[in-house]
Amino acid sequence: MNEKIALFTIFGGTGDLAKRKLYPSLFRLYRKGNLAEHFAVIGTARREWTDEHYREIVRETIKDLAPSDEEAEAFSSHFYYQSHNVNDSEHYDTLKKLSDTLNDKYDLGGNHIYYLAMAPQFFGTIVQHLKSQQILTEQGFDRLIIEKPFGSDYASAYQLNEEIRAVFPEQDIFRIDHYLGKEMIQNISAIRFANNIFESQWNNRYIDNVQITFAESLGVEDRGGYYDHSGALKDMVQNHILQVVALLAMEPPVAFSEADIRAEKVKALQAIRLYSEKEALENFVRGQYGPGKLDDQTFISYREEPNVDENSQTETFVAGKFLIDNFRWSGVPFYIRTGKRLTEKGTRINIVFKQVPINVFKDDVDHCGEKNDLPPNVLTIYIQPTEGFSLTLNGKEIGQGFTTAPVKLDYRHSAETTGNSPEAYEKLLLDSLNGDGTNFSHWDEVAQSWRIVDIIRQAWDKTTVDFPNYSAGSMGPDAAFDLLDRDHFSWDWQP
Ligand code: NAD
C-alpha cells in the first residue's frame with residue numbers, strides 16, 4: 001500500500017467545490033489506499049457546524065460512490081470542523097491547536113496541505129496568518145493548493161503572488177488548473193512524444209493550423225454574480241486554454257520531469273506574439289448570448305440570467321488567433337474558441353495537417369459529378385465529454401473510378417474505462433501529496449498568460465460591441481467563423 005500521510009486544512013470546507021469535488025476525491029484516494037489511517041481533514045468556514053454535522057455532510061457527498069456504511073463511517077471519522085473567519089487572528093490559534101492535536105493523534109509527521117477553496121480575495125490574508133500565527137511548522141511539509149482565478153490581471157496576480165511567496169516557496173505552491181488533471185490533456189504529451197509519426201510532423205512544415213474548442217452548452221447557471229465580473233477571456237482563456245496551447249506548442253522536454261516541462265511551457269508561452277491593441281481587436285472576437293432555441297428547448301439571454309447586469313458588456317464567448325513566433329510554429333495559427341450556451345458541450349483539439357503538394361486525383365469526379373477535393377488530415381484529441389482521439393485520412397472509395405473519401409480512425413475510451421479513471425481533482429490531490437507540481441500552473445506561466453490576455457482585455461475595454469450577438473444554442477457569433485474564413489480555413493467540428 002502506498003499510503004500518504006498528511007493533514008488537510010480546507011478553507012471553504014462548506015463550499016460547493018469542497019462538496020462536489022474535494023470530498024469525493026479524497027474518498028477515492030482513501031478507497032485506493034493512498035489515504036488510510038494517517039490522514040485527517042479540517043474543514044473550516046464561517047458557519048457554526050459540529051464535527052458530527054460535518055461528517056454527515058461528507059458522507060452525503062460520497063453517496064454516489066456507493067460506500068458501505070462502515071467505509072463511509074470510517075472515512076468520515078477523519079474529518080473535523082472548525083468554524084473560522086479568515087480575517088480573525090484568534091481563530092487561527094484555535095486552528096493551530098486542532099492541527100497539533102490531530103498531528104499527534106494520527107501521527108502525521110507535521111505534513112500539512114492547506115487547500116484554499118475560497119474566493120481569491122482571502123488568499124493573501126490566509127497565508128499571512130498561517131505564518132504569523134505559527135501554524136506552519138518546521139516538521140514535515142507545508143504545501144498550499146490554490147484555486148483559480150489567480151488574480152484578475154497581471155498586476156493583481158503579481159501582487160497575490162508576492163503575498164503568497166512571502167510565506168511559501170514556489171515548489172510548495174500548487175495552483176490548480178483542473179484541466180491539467182484531465183486524462184486527455186495529460187495524453188497530449190503521450191501523443192506527441194511517444195509517436196514518431198506525429199512528433200516528426202509537429203511543426204509548420206506539416207501543420208496548417210491548430211483549433212482548440214472549449215464549448216459549453218450550459219449558460220451561467222447560478223454563477224452569474226461571479227461570471228459577470230470575469231467573462232470568458234479571464235475564466236477560460238487565461239488559464240485552461242493557454243495551458244493547452246503551451247502543451248501543444250512546447251519543445252520536447254529533456255526528461256518528463258516537472259522542471260523540464262515547466263521550462264518548455266514557459267518558453268512556448270513567451271513565444272506567443274504579444275499583439276498591439278489594434279492587432280488584438282483584429283484577431284480576437286467576443287460574443288454574448290441572446291435568447292435562443294435548440295431541440296425544443298428555449299433559453300433566456302445572458303442579460304436575463306440571475307445576478308447579471310441587464311446592460312452587461314461581459315463576454316460569454318471568445319474566439320481568437322494566437323501566433324507563435326518561433327522556428328517550429330512561425331506561420332501556423334492557433335485558433336481558440338470557448339463559450340457558454342453553445343450547440344453542444346465538448347472540449348477538443350484539432351490538429352489540421354497541410355495538404356499533399358499536388359492533388360493527383362483532382363481530375364476525378366465522384367458519382368455526383370463533384371470535383372474530387374482532398375480534405376486535410378486531421379488529428380482530433382477529444383478531452384470531454386468523450387475521451388480519445390481520431391485521425392482523418394483519405395482513402396479510395398470502393399468501386400469503379402478513383403474517388404477518394406475521408407476515413408476516420410476513431411479511438412474513444414469506453415464509458416467503463418473513463419468511469420474508473422481518476423477524476424481530475426483526485427489526480428491533482430495525489431500529485432500534491434507526492435509533491436509533484438507537473439500538472440499545476442507555475443508562476444512564470446501564470447504571469448505570461450496574464451500579459452497575453454491583458455492586452456486583449458484592455459483593447460476590448462476601450463470599445464463596445466453590440467451585445468447580444470449570438471443566439472443561445474448556436475456555435476457563437478458570425479465573427480468567429482469569419483476569423484478563420486479570412487485565412488481560408490474553417491472550424492472542423494465533427495462529433
Ligand atoms: P462557495 O461560495 O461555494 O464556497 C466558499 C466557501 O468560503 C464557503 O465554505 C464559505 O463559508 C467560505 N467563506 C466565505 N467567506 C469566508 C470568511 N470570511 N471566513 C471564512 N470562510 C469564508 O465557493 P466555491 O464554488 O466552493 O469556490 C471556491 C473557490 O474555488 C473559488 O475560488 C472558485 O473560483 C474556485 N472554483 C470553484 C469551482 C466549483 O466548481 N465550485 C470550480 C473551479 C474553481
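The model is a predicted one, in which local features need pLDDT of at least 70 and side-chain atom pairs count only at pLDDT 80 or more, while totals for chains, interfaces and linings use all residues. Residues are numbered from 1 along each chain as its sequence is written.

From its first C-alpha to its last, α1 reaches 22 Å over 16 residues, close to the expected 22 Å, which is 1.5 Å times one less than the number of residues. Buried residues of α1 include Ala-18, Lys-21, Leu-22 and Tyr-23; a residue is buried if 20 or more other C-beta atoms, placed from the backbone, lie within 10 Å of its own. Just after the helix, Gly-33 takes a positive phi of about 90°.

Helix α1 (residues 16–31) also gives the most to the shell around the ligand, with four residues. Of the 20 residues around the ligand, Gly-12, Gly-15, Leu-17, Ala-45 and Glu-147 come nearest; a residue is near a molecule if its C-beta atom, placed from the backbone, lies within 6 Å of it.

Across the whole chain, 42% of the 495 residues count as buried. The C-alpha atoms fill a box of roughly 80 × 50 × 50 Å, taken along the principal axes.

Key:
Helix = DSSP H or I, 4+ residues; strand = E, 2+ residues; numbered from the N terminus. Buried ≥ 20, exposed ≤ 12 C-beta atoms within 10 Å, placed from the backbone.
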